[in-house]
Amino acid sequence: MVRIDLIKLTDDIASCSYFPENNQEWGDGIVTINRKTGEITIEKKDDCGTGFYIGHVIPYLTEHAKQGDYKKSVILAWY
């Protein structure tokens, strides 16, 4: 599971912080998407040392980029 918090939303970008396992002690990561081009920028990687969690954050950002219907906070869970 990963918690995603919206940091900034404009016509051009959406920027989110994410917390692996909703655990702030593990350190957050920050990802930004250019809503017009779809370009992803990893501003900061989480402290888990894997790309596992960011692999769930990026599709979420991409899916919502055009509509801009990001929630202020969301938890993504998978199994």
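**Charged pairs and nonpolar core: legends to the close-up views**

D28 is buried, with a relative accessible area of 17%; buried denotes under 20% relative accessible area, exposed over 50%, and partly exposed the range in between (1.4 Å probe, protein chains only). The model is predicted: local features need pLDDT of at least 70 and side-chain atom pairs count only at pLDDT 80 or more, while totals for chains, interfaces and linings use all residues. Residues are numbered from 1 along each chain as its sequence is written, and side-chain values use heavy atoms, with hydrogens and water left out.

**View A. The salt bridge of K44 and D28.** The closest N and O atoms of K44 and D28 are 2.7 Å apart; a salt bridge requires a side-chain nitrogen of Lys or Arg within 4 Å of a carboxyl oxygen of Asp or Glu. This pair links distant parts of the chain, with K44 in strand β4 and D28 in the loop between β2 and β3, 16 residues apart. Helices (H or I, at least four residues) and strands (E, at least two) are DSSP runs numbered from the N terminus. K44 is partly exposed, at 36% relative accessible area.

**View B. The salt bridge of D12 and K36.** The side chains of D12 and K36 meet at 3.1 Å, N to O. D12 lies in the loop between β1 (2-9) and β2 (13-20) and K36 in the loop between β3 (29-34) and β4 (40-44), so the pair ties together parts that are 24 residues apart in sequence. D12 is partly exposed, with a relative accessible area of 40%, whereas K36 is exposed, at 57%.

**View C. The salt bridge of D5 and R3.** The closest N and O atoms of D5 and R3 are 2.9 Å apart. Both residues are buried. A search of the whole structure finds 3 salt bridges.

View D. R35 lies in the loop between β3 and β4. R35 is buried yet has no salt bridge, and the nearest side chain of opposite charge, D11, is 4.8 Å away. Lys and Arg count as positive and Asp and Glu as negative; His and the chain ends are not counted. A polar atom of the R35 side chain lies 2.7 Å from the backbone oxygen of T10, and one lies 2.8 Å from the backbone oxygen of A65.

**View E. The largest nonpolar core.** This core has 15 residues, and those with the most contacts inside it are I4, Y18, V57, L61 and Y70. A nonpolar core is a set of buried Ala, Val, Leu, Ile, Met, Phe, Trp, Tyr and Cys residues joined through side-chain atoms within 4.5 Å. α1 gives the most to this core, with 4 residues.

Notes
A polar contact is a pair of N or O atoms within 3.5 Å; within protein, one must be able to donate a hydrogen and the other to accept it, and residues adjacent in sequence count only if both atoms are side-chain atoms.
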